[in-house]
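Subject: Structure handover

Hello,

Here is the structure you asked to look through. Please keep it open while you read the notes below.

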Amino acid sequence: MTSTPDVTITVIVFDDAERLPRAVASLRAQTHRNIEIIISDDHSTDATPRVARELAAADERITYLRLPENSGGCSAPRNRALDIARAPYLMFLDSDDELPPHAVASLLAAHRERPDIDFAMGAVERVRVDTGRTSLWMPHLVAERRTVDGIESEPGLFFEHLSTSKMYARAFLDRHGLRFPEGIHYEDQLFSAQAYCLAKAFTVIPEPVYRWYIAPYAEETAASISNQRHKLSNVRDRVHVQELIDDFLARGGYSPALREAKDYKFLKHDFRMYAGDLPYRDDAWLSGFAEIVNPYLERLSPDACTRLPRAERVVLRLVRDGRLDDARLAARGLGHGVAPRATVTDADGVVYWGSEIPSTEAARRELCLTDLALDARAFPRAQFRHEIVRLDRGPGPASVRLRVRTYDPGLRLPVGPQVAALLLSPGHKRTTLRFRLDPVRPGVFEGEVLLDLAATPLPLQGFDGVRHPLLQLRTPEGLHNTGLLLAPLDFPAFTASVPHHRVTVEPEGRGAGRLQVRWEPTGLTARVAGPVAHRLGRTPLARGARKAVRLIW
């Protein structure tokens, strides 16, 4: 290829011979054909070199570049490709992802429409490899086509920190000497923050320009860096890159408002991911986590903390105050309106999360629940906490006996036994199992319910999927309140046979840690349910991918 390409797309790869052809095929299928493709290999040790050379031999637009030694990150292979890229516009692709067919054409059109912009960015499709379901990454940020005159006018775009969703003007990168930082992880966050701040103008388009494959339960050895949150080194790396961004903002003299926006993004996105994992971490990990993050949290803008939802502020404060067991409990309710097990009221009538009155002004402010009105909310919106405290196999082969405890910190429930129901809906027909909750002490009730999955009705065509039972409270007046049912985090899963299905009862293994029931059709039903699941997004690709991922139960 001798003519100058319009766009150079760099595909970085390391030991990914299996998926590299798919990534390159997505580039060769671009509707805009005048492109250069550079496969930048970070010194792979598998069959990647052979596969890459075969791909290059099949298309003159492809160049294969092999680094002399492994760099251990994404930056070096991208930067080495930048050294030889020939086009005036640049894009980046990871070997386990793809570009949608019109990605290059859409972004290039944005540049040609406004030649003065420094980069163009678009929507990112996220594809779950375990389910095949597709969603958009940060869809609210890219819903409207527009040109942004500097990040100060839309600092919320810091949340979209992917370098791969953008097409950059080469002149912009060269003018500022902007390259990917080598020797660190989370390099995209620093690179993107710098690009946002240095760009005078950039265009946002709503069209999908990147297809990001997510494997949330991959084996630890194969998980992406973002999915290695179980490692304290991962926490340390993420905090370090935030410090580098802070240094960049300080040296550049950017406004305090921009720093606050960046701090809010860290709390709402980065810290929030770790917060959701806290229930699954042991004491040593929690102590190490607090030791790493707390010094950095002290330096963040107080206004950024104030902008967080109440439940996230509670977890943040508990971590900062070293109340790590309480932080575990609070984290199980994030995003679900789950009440604390208990509250405490001071002499002035102020209600706080937990069983101890906070000792500092900041803690009193962030753990205050008075305005949540736990004792006065309309019953359907009242907050309770439902936990399974014991789980035993029932009398039938597919039955389980659940001992449920309900916490009512607002004392909304009247004295005496309560009417409760376990709700489960595989398909369109709901199973309702009524049982009684008896008072244990003020604000705490317990009861038992038998869940027989052999008697749970399923759709005629079968059911292939997962459901999480809910618990519903009912008043004598007919009002209902429905909430999550939290399960022990580590009870042993069991599988049984029910008509035409295998059914598994297991812990959710992530998030709030709900009780989880999973059905898999067998025999003829599997052949009927398969096409139905495909129409619902459970694709054959997703079924095959199950072999390559580890579901954490």
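This is a predicted model: local features need pLDDT of at least 70, side-chain atom pairs count only at pLDDT 80 or more; totals for chains, interfaces and linings use all residues.

Residues are numbered from 1 along each chain as its sequence is written, and side-chain values use heavy atoms, with hydrogens and water left out.

**Confidence**

pLDDT is the predictor's confidence in each residue, on a scale from 0 to 100. The chain has a mean pLDDT of 92, and 93% of its residues reach 70 or more. In residues 532–553 the pLDDT is below 50, and this stretch has 48 contacts in the model beyond near neighbours in sequence. A contact here means heavy atoms within 4.5 Å.

**Cores**

Buried means under 20% relative accessible area, exposed means over 50%, and partly exposed is in between (1.4 Å probe, protein chains only). A nonpolar core is a set of buried Ala, Val, Leu, Ile, Met, Phe, Trp, Tyr and Cys residues joined through side-chain atoms within 4.5 Å.

The largest nonpolar core holds 118 residues, and Phe202, Leu267 and Phe271 have the most contacts inside it. Another core lies apart from the largest one; it has 33 residues, among them Ala382, Val400, Phe494 and Ala496.

**Helix α3**

Helices (H or I, at least four residues) and strands (E, at least two) are DSSP runs, numbered from the N terminus. Helix α3 covers residues 75–84 and is mostly covered itself, with seven of its 10 residues buried. Those buried residues are Ser75, Ala76, Pro77, Arg78, Asn79, Ala81 and Leu82. They pack against the strands β1 (7–13), β2 (35–41), β3 (62–66) and β4 (89–94), and against the helices α6 (170–176) and α7 (187–198).

**Strands and sheets**

Two strands pair if DSSP finds at least two bridges between them. Strand β8 (residues 166–169) has Lys166 and Tyr168 pointing one way and Met167 and Ala169 the other way, and all are buried. In a regular strand the side chains alternate between the two faces of the sheet. β8 runs antiparallel to β4, joined by two bridges, and Leu90 has Tyr168 as its bridge partner. β8 also pairs with β5 (residues 119–128), in the antiparallel sense over three bridges. There, Phe119 stands opposite Tyr168.

Which order do the seven strands of the open sheet take? The order is β12-β13-β16-β15-β14-β18-β19, with antiparallel pairing. Its edge strands, each pairing on one side only, are β12 (385–393) and β19 (480–484). Neighbouring strands of this sheet are turned by 30 degrees against each other on average, direction ignored. Axes for such angles are lines fitted to C-alpha atoms, for helices over the stretch in contact, and angles run from 0 to 180 degrees between N-to-C directions. Within the sheet, β15 (residues 431–441) and β16 (residues 444–452) pair over three bridges, and Asp438 stands opposite Glu446.

Four strands form another open, antiparallel sheet in the order β17-β22-β21-β20. β17 (465–467) and β20 (494–498) are the edge strands. β20 and β21 (residues 501–507) pair over five bridges, with Ala496 opposite Val503.

**Single residues**

His500 lies in the loop between β20 and β21. Its phi is near 65 degrees, a positive value in a residue other than glycine. His500 counts as exposed because its relative accessible area is 54%. His43, in the loop between β2 and α2 (48–58), also has a positive phi, near 60 degrees. At 27% relative accessibility, His43 is partly exposed.

Arg272 sits in helix α9 (residues 256–277) and is partly exposed, at 24%. Apart from neighbours within four places in sequence, Arg272 is in contact with Leu267, Glu312, Leu334 and Gly335.

A disulfide is a pair of cysteine sulfur atoms within 2.5 Å, and the structure holds zero of them. For Cys305, the nearest cysteine sulfur is that of Cys368, 17 Å away. Cys305 is buried, with a relative accessible area of 6%.

Regards
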